[in-house]
Amino acid sequence: MLAVLLASLASGVALAADAPTVAQVKATFIVRFVQFVEWPASAFKSADDAIVIAVLGDDPLAADVEKTIASERVNGRALQLRHVTSPDDARRAHVVLVGRSEAARVPAIVAALRGAAVLSVSDVESFARQGGMIAFFAENDRIRFDINQKEAEHAGLVVNSRLLNLARIVGTEGGQ
Amino acid sequence: MHWRFGDLSIQRQLTAFGLLASLGSLLVAGAALLAFELRSLSQAMVDELARTASVIAANATVAISFDNAADAREILATLRTQPHVESGCIFRFGGDAFACYDRDGDATAPAPLASAADGHQWADGHLTLALGIVHDGKRLGTIVVRSDTGALHGLVRQYLAVVGLVFLAAAGVAVWLSARLQRFLSAPILRLVDAMSRVSTTERRRLDDAVDLERADEIGLLVRGFNDMLAEIDRRDAELHRTHQELVVTSRHAGMSEVATDVLHNVGNVLNSVNVSCSLVADRLRESKLARLTRVVELLRAHESDLPTFVAESREGKLLPRYLQLLADQLLDERQTMLAEVGALTKNIDHIKVIVSQQQSYARTAGMREMVTVAQIVDDALQLNLTSLTRHKVKAERDFAPVPRICVDRHRVLQIVVNLVSNAIQAMRDDDPTAERRVTITIEPRGTDSVAIVVRDTGVGISSENLTNVFRHGFTTKAQGHGFGLHSAALAAKEMGGTLTAESDGPNTGATFTLELPIDDRAAIASETEGAAA
């Protein structure tokens, strides 16, 4: 009984200490996506090859993502954050975070990334509907995300079915 | 008397053994199987619950990773497909409940789940299982599920029902088989029992009842032993029979000597009277007046020449006719007395003849039965003892009530009464001259079918311990006695269908002997009542 009480007190303190910001949650989510997506074997040169997260353009999330990945390993691989300026540079990464600054250029970026085994994520709400793979959106004060499963499949990525279950599944609007 | 298993027939016992043995082993087997089944069932239940938990754990990793409690609840809701799962909870790594499921709709996590460690435990009819939720080598949390044991109980009930049915079926088969197989054991034993009861109730040769059965087991041994026993019994029977025959011969000899003694005793009694009569006759003859007749003849011879003168003139001659007259009277008187005595003698000798001839024929049934007057027999007995009575100055009294005539062997009854009177006379006391010396003989009817002759004396009496001894062969209180008089008298009375009993109030109070004889059925036809003083 006392133990339960102490445990609940401790967790309460922890919650009070770092009540996560929206940015932190999104950063954590990005790392979790990595955990529940499988890349084709050809995406890595070796077994301990790092998972590269490329940031295209400017995004406020980048800083939090960098902080989060510092202590994470997925499937024994380290995570690296890299800033890129063009979608072509991003094709060599595993994940690309398309910054809010790039909202207007999404269709072009998506087209440039097509065919590469890169998981594209963006805080731009319409990203997935425009041919991206994952896009955050807010619903009832909770952070949720769209997944465009078709695009992920085209890229040769396998998204965990439970992850799909959590997501709002969307398709690319307006054709190719 | 309380019930014992051993009182049952051997068939029932064998059947019961078969039944008990099979049911006992079945019970043990059933219990062992149940224990094993229970163990594997509960293990299966743990495995099943663990499988369910691990599926949920695998599914819940995403929900925990993305902090989606709704999804976690949705995953937990799949527990609904397993009705025995009562509740389940997903705890985040660190302790707080993330999502919970309750079968009965209670949303709060049941307290026991929070503290559950990894693994399973049975408690209070519940199975609680905790499993870590791990993804990519990292512990995300814990899933705890709790199941009731209803499924297990249901299975156990099913199992028990099956065992019960098997039990009943096995009991039926066991009874059937036992009933069939027990014959193999019980049949020879029953045959033995049958043979035994035949042996113990029949007189014929035992070996005819031998049980014909060849077996090498203990029952075979028993049968052989039984048959040997029968042969042994037969052998001993034959021996016994032979011994019995020898014994019969021996006892016949002994009996004959007893009879001889009896005869001598009875003859002796009569000879007493014969002796008295003889000496009386001898005395009479010795003192006979016949010599005086000789003197008269001598006187007449001397006066042969002058006989008329002598008779007419001499003093002696004149007295002669009167003398002769007196002499003749006396001789006549003498003759009369001796004739009477010889008559008594003849009667006694006749009695002796009868006694002897009766014993010579020695067929107990050979005695001539005839209708007799009881008073006549008693008077004859008194007559036979008359001399003895006179000599011992014993007064005899008769008290005869009217009784029917009876059909008996006259001489045997006479012997008994003579014996009783003779005993009464000898029982008179010689030490006290003032003591009364009297024998009373009473005849009286006893009931409607018997007559009693009671001989009562005023003699020395009989002590109470001797009252039964007096009838024993060889018992006597008399110095000159043989101890068979009363014994044979009692035997004779019994043989005639009567009794001889003795009564006495003790020493010096006299004794009473009662001879009771049945009135023969022939007497009923001639139911003529005779006078008292016949």
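**Setting up**

I number residues from 1 along each chain as its sequence is written, and I letter chains from A and number ligands from 1 in the order in which they are written. Because the model is predicted, local features need pLDDT of at least 70 and side-chain atom pairs count only at pLDDT 80 or more, while totals for chains, interfaces and linings use all residues; side-chain values use heavy atoms, with hydrogens and water left out.

**Entry 1: salt bridges**

I began with the charged pairs. My rule for a salt bridge is a side-chain nitrogen of Lys or Arg within 4 Å of a carboxyl oxygen of Asp or Glu. That rule gives 33 salt bridges over all chains.

I looked up A:Asp123 and A:Lys26, whose side chains form a salt bridge at 2.9 Å, N to O. A:Asp123 is in the loop between strand S6 (119–122) and strand S7 (134–139) of chain A, and A:Lys26 is in helix H2 (residues 22–35) of chain A, so this pair ties together parts that are 97 residues apart in sequence. Helices here are DSSP runs of H or I with at least four residues, strands are runs of E with at least two, and both are numbered from the N terminus.

Are these two buried or exposed? I call a residue buried under 20% relative accessible area, exposed over 50%, and partly exposed in between (1.4 Å probe, protein chains only). A:Asp123 has 7% relative accessibility and counts as buried. A:Lys26 has 11% and counts as buried.

A:Glu72 sits in the loop between helix H3 (61–69) and strand S3 (73–74) of chain A and A:Arg32 in helix H2, so the pair ties together parts that are 40 residues apart in sequence. I noted both A:Arg32 and A:Glu72 as buried.

**Entry 2: A:Arg168 and its partners**

The side chain of A:Arg168 meets that of A:Asp146 in a salt bridge at 2.7 Å, N to O. The pair links distant parts of the chain, with A:Arg168 in strand S10 (residues 168–169) and A:Asp146 in strand S8 (residues 142–147) of chain A, 22 residues apart. A:Arg168 is partly exposed at 32% relative accessibility, whereas A:Asp146 is buried at 1%. Through shared partners, salt bridges join A:Arg129, A:Asp146, A:Arg168 and A:Glu173 into one network.

I also checked for charges over rings (NZ of Lys or CZ of Arg within 6 Å of the ring centre and within 35 degrees of the ring normal). The charged end of A:Arg168 sits over the ring of A:Phe137, 3.8 Å from its centre. A:Arg77 lies over the face of A:Phe44, at 3.8 Å from the ring centre.

**Entry 3: strands around S8(A)**

I count two strands as paired if DSSP finds at least two bridges between them. S7(A) and S8(A) run antiparallel and are joined by 6 bridges. Opposite A:Glu139 I found A:Arg142 in S8(A). The two strands form a hairpin with 2 residues between them, and A:Asn140 in the turn has a positive phi of about 50 degrees. S8(A) also pairs with S10(A), in the parallel sense, over 2 bridges. There A:Ile147 stands opposite A:Ile169 in S10(A).

**Entry 4: aromatic pairs**

Rings of Phe, Tyr and Trp (its six-membered ring) pair if their centres lie within 6.5 Å; planes under 30 degrees apart are stacked, over 60 edge-to-face, and the rest tilted. My search of the whole structure gave 10 aromatic pairs over all chains. The rings of A:Phe36 and B:Phe66 have centres 6.0 Å apart and planes at 45 degrees, so I logged the pair as tilted. A:Phe36 lies in the loop between H2 and strand S1 (37–38) of chain A and B:Phe66 in the loop between helix H1 (10–65) and helix H2 (69–77) of chain B, so the pair joins two chains. A:Phe36 is buried at 3%, and B:Phe66 is buried at 2%. One aromatic cluster takes in A:Phe29, A:Phe33, A:Phe36, A:Phe136, A:Phe145 and B:Phe66.

**Entry 5: chain B**

I counted 13 helices and 12 strands in chain B. Of its 534 residues, 38% are buried.
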